[in-house]
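We'll go stop by stop, with something to select each time.

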Amino acid sequence: MRPFVTGSVFHFRLAAAAGALAAVTVAATSPPPAITTEQLTTRMSTAIEGLKYLRCVVKAQERIGGSINQARSVMKLTYKPLRIYIKNQKGVEVLWLQGQNDGDAWVYPASFPYVTLSLDPNGKLMRSNQHHTALQAGFGTISDLLRTTGLRQDNSYSRSFRYVGDTTLQGRTAHVLRSDFPQFRYVSYKAGKNETIETVAERFGCGAYRVVERNNLSIGEKIPEGKVLQVPNAYGRRTVLCVDPKTYLPMLVQVNDDKGLFERFEFQDVVPNQPIPLEEFSKDYKGYKF
């Protein structure tokens, strides 16, 4: 998942964004539940893990600083081996192939100097102005919201999701999983030996972006042992997941925190497990500009 967005497109005031998002507030239906929380979470996780191919369009909104960045990206993925192609509405293209190009992604920036670059998908340039990496494209971060691990200090957020009924999204029914986590807050954490941004994020299940932003860190920066960080104790205060009852794949994830909207990803035109020709993951494929 986490879905990848290259660069910001529009900047909106948070108040305006919150007003626009009010239209997607989920209303649970009154009939008895057709599925249990455990069944829904298990089927969704199984569906994500069972993906071999994926095509989709992702509409993303991410809060960067005090603004909401928006983007729309076309994605193609294969799994085992992992291959990723992404193109956003500005014409920026990304191609990453497991085991090739020394681990770097090929990036066509669609701007001066109009030449293809080789960039580290976990580096500063590709992580600029976005919450997630290209390697989390598709549903890479969503199953992680529900995952519990021994490293995490508190797994109560993962266990807080509940099936709350159905809603209508993209003209069809969607099951709704929701987490209400009012205890969401920033806590102090003293970094241990060999601590990294990623290990801190995994320990608290909060995502690397917030660790970087709140503590004025840089991507890839080493954290000195004993440094006191301010870290969220969970991923969000309220998280809504809409799940397709036919494929059990996510249609939408929206996360709100103490400041309001943190991120929202809507998955459209999802085509799972339909083979994608290998040539579509080539720099020379027709229509690509690498």
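**First stop: the cavity**

The residues lining the largest cavity split into four nonpolar, four polar and two charged (Ala, Val, Leu, Ile, Met, Phe, Trp, Tyr, Cys and Pro count as nonpolar, Asp, Glu, Lys and Arg as charged, and the others, Gly among them, as polar). To see them, select Arg 152, Asp 154, Asn 155, Tyr 157, Ser 158, Phe 204, Gly 205, Asn 233, Ala 234 and Tyr 235. The space inside comes to about 50 Å³, and the structure holds one cavity of 30 Å³ or more. On a 1 Å grid over the protein atoms alone, a cavity is a set of points where a 1.4 Å probe fits but cannot get out, while a pocket is an open set with protein on both sides within 12 Å along at least five of seven lines; lining residues have an atom within 4 Å of a point. Grid points are joined across faces, edges and corners, and a volume is the space filled by probe spheres set on the points.

A word on what you're looking at: this is a predicted model, where local features need pLDDT of at least 70, side-chain atom pairs count only at pLDDT 80 or more, and totals for chains, interfaces and linings use all residues. Residues are numbered from 1 along each chain as its sequence is written, and side-chain values use heavy atoms, with hydrogens and water left out.

**Zoom out**

Switch to cartoon and you have six helices and 14 strands (DSSP runs numbered from the N terminus: helices are H or I, at least four residues, and strands are E, at least two). Of the chain's 290 residues, 49% count as buried; buried means under 20% relative accessible area, exposed over 50%, and partly exposed in between, with a 1.4 Å probe and protein chains only. Among contacts (heavy atoms within 4.5 Å) between residues at least 6 apart in sequence, 63% join residues at least 24 apart.

**Select helix α5, residues 197–204**

Which residues of α5 are buried? They are Ile 197, Val 200, Ala 201 and Phe 204. These sit on the same side of α5, because they cover an arc of only 100 degrees around the axis (taken from the directions from the helix axis to the C-beta atoms). Now show their packing partners: β10 (186–190), α6 (208–214) and β11 (228–232). Step just past the helix to Gly 205, which has a positive phi of about 65 degrees.

**On to the largest pocket**

This one has a volume of about 510 Å³. Of its 28 lining residues, pick His 132, Gln 136, Asp 144, Gly 207 and Ala 208, the closest to the centre. The elements giving two or more residues to the lining are α4 (142–145), α5, α6 and β14 (260–272). By class, the lining has eleven nonpolar, nine polar and eight charged residues.

**Into the core**

A nonpolar core is a set of buried Ala, Val, Leu, Ile, Met, Phe, Trp, Tyr and Cys residues joined through side-chain atoms within 4.5 Å. The largest one has 47 residues, and those touching the most other members are Met 44, Phe 139, Ile 142, Val 253 and Phe 267. Strand β2 (residues 53–64) supplies the largest share, five residues. Apart from this core lies another, of 16 residues, including Cys 206, Ile 223, Leu 229 and Val 231.

Center on Met 44 next. Leaving aside neighbours within four places in sequence, Met 44 is in contact with Ile 142, Leu 146, Leu 177, Leu 241, Val 243, Tyr 248 and Pro 250.

**Loops worth a click**

Follow that list to Tyr 248, in the loop between β12 (238–243) and β13 (250–257). Tyr 248 has a positive phi of about 60 degrees although it is not a glycine. Is Tyr 248 buried or exposed? At 17% relative accessibility, Tyr 248 counts as buried.

Asn 101, in the loop between β5 (93–97) and β6, is also not a glycine, yet has a positive phi of about 55 degrees. Asn 101 counts as partly exposed, at 22% relative accessibility.

Two cis peptide bonds come next. Lys 80 to Pro 81 has omega near 5 degrees, with Pro 81 in the loop between β3 (67–78) and β4 (83–88). For Phe 112 and Pro 113, omega is about 10 degrees; Pro 113 lies in the loop between β6 (105–108) and β7 (117–119).

Finish at Ala 137, in the loop between α3 (124–127) and α4. Ala 137 is buried, with a relative accessible area of 5%. Draw a distance to Leu 77: the two C-alpha atoms are separated by 8.2 Å, though 60 residues apart along the chain.
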